[in-house]
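Subject: Structure handover

Hello,

Here is the structure you asked about, with the sequence alongside. My notes on it follow below.

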Amino acid sequence: MVPEGGKAVETFKTIRARAVKRHGGEKHLASRLLKPKSAAELRKIPNDRWLAGMAKVVFQAGFVWKIIEAKWPGFEEVFDGFDPHRVAFYSDEDLGRLVSDKRIVRNGAKIRATVENARFVTELIKEYGSAGAFFAASRPEAYIDLLGTLKRRGSRLSGGSAQYFLRFLGVDSWIMSPSVVAALMHAGVVDKAPTSQKALRATQEAFNKWQKESGCSLTEISRVLAMSTDA
């Protein structure tokens, strides 16, 4: 495989060996890896938690995460526990109320995005029976398609926001952190952060190759990549 980077992609065995060396041995490395939830576990996640997860990454984007965490009980209160059927029907009067509520971060665009994402979740419920059923049916080998769906149908759910949302909820995923980008460049997959469709396809192909080689999840592979570099 010779992808966008122009050279043969490293084996996962080589990448993992580098991570093991940098982090004090195989046992220590293994202890720091996360596993994604199973399809059965994802299906059991209530619809309101999917909307809450979307809202949290939207509000955290470009903000101090600790502040959002500290205010989160207030978010749960003012957004009616993130019941998607209730939030989806918020009126302009509701938006006006929320934008002046000191219990949350009063960002009008992000408040509106939460309402739009509630409508997205209700669409998934109508189409799949539940949001959990939709995400449980996603395939790791087509992860970039899932990211594309979130960007297209959700609001402010692209790039890192979408990736962190999926990771936080337990969907098998990679996170394109600076360390992972550096590892992908070192491995010969890309020559810069993958944002174009061509680069994203090359990244997906590399992850698929490493999955077949190792039997690891995208989540585990992503973490090993991050730990294999000093970036």
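Phe63, Val64 and Ile67 make up a nonpolar patch on the surface, and their accessible area together is about 240 Å². Please bear in mind that this is a predicted model.

The largest nonpolar core has 75 residues, and the members that touch the most others are Phe79, Phe135 and Trp210. For Trp210, I looked at contacts beyond the neighbours within four places in sequence. Those partners include Val9, Glu10, Thr11, Phe12 and Ile15. Leu184, Ala187 and Val189 are also in contact with Trp210, as are Gly215, Ile221 and Leu225.

Helix α10 spans residues 143-153, and its buried residues are Tyr143, Ile144, Leu146, Leu147, Thr149 and Leu150. These buried residues pack against α8, α9 (131-136), α11 (159-169), α13 and α14.

Two single residues may be worth a look on screen.

Thr122 sits in helix α8, residues 108-128. Is Thr122 buried or exposed? Its relative accessible area is 19%, so Thr122 is buried, the cut-off being under 20%. Not counting residues up to four places away in sequence, Thr122 touches Pro84, His85 and Ala88. The side chain of Thr122 also reaches the backbone oxygen of Arg119, at 2.7 Å. Between Thr122 and Leu34 there are 88 residues of separation along the chain, and their C-alpha atoms are 30 Å apart.

Ser217 is found in the loop between α13 (197-214) and α14 (218-227). With a relative accessibility of 9%, Ser217 is buried. Which residues does Ser217 touch, leaving out those up to four places away in sequence? They are Leu34, Pro36, Asp172 and Gln211.

Finally, some backbone angles. Phe82 is not a glycine, yet it has a positive phi of about 60°. Phe82 lies in the loop between α5 and α6 (84-87), and its relative accessibility is 0%, so Phe82 counts as buried. Arg156, also not a glycine, has a positive phi of about 60°. Arg156 is in the loop between α10 and α11. At a relative accessible area of 45%, Arg156 is partly exposed. Both positions are in loops: Phe82 between α5 and α6, and Arg156 between α10 and α11.

Regards

Methods: Residues numbered from 1 in each chain as written. Predicted model: local features only at pLDDT ≥ 70, side-chain atom pairs only at ≥ 80, totals over all residues. Heavy atoms only, no water. Core = buried A, V, L, I, M, F, W, Y, C linked by side-chain atoms within 4.5 Å. Buried < 20%, exposed > 50% of the residue type's maximum accessible area, 1.4 Å probe, protein only. Contact = heavy atoms within 4.5 Å. Patch = residues over 30% accessible without salt bridge, like charges linked within 9 Å, V, L, I, M, F, W, Y side chains within 5 Å. Areas by Shrake-Rupley, 256 points an atom, 1.4 Å probe, with all protein chains shown as cover. Salt bridge = Lys/Arg side-chain N within 4 Å of Asp/Glu carboxyl O. Helix = DSSP H or I, 4+ residues; strand = E, 2+ residues; numbered from the N terminus. Polar contact = N/O pair within 3.5 Å; in protein donor to acceptor, adjacent residues only side chain to side chain.
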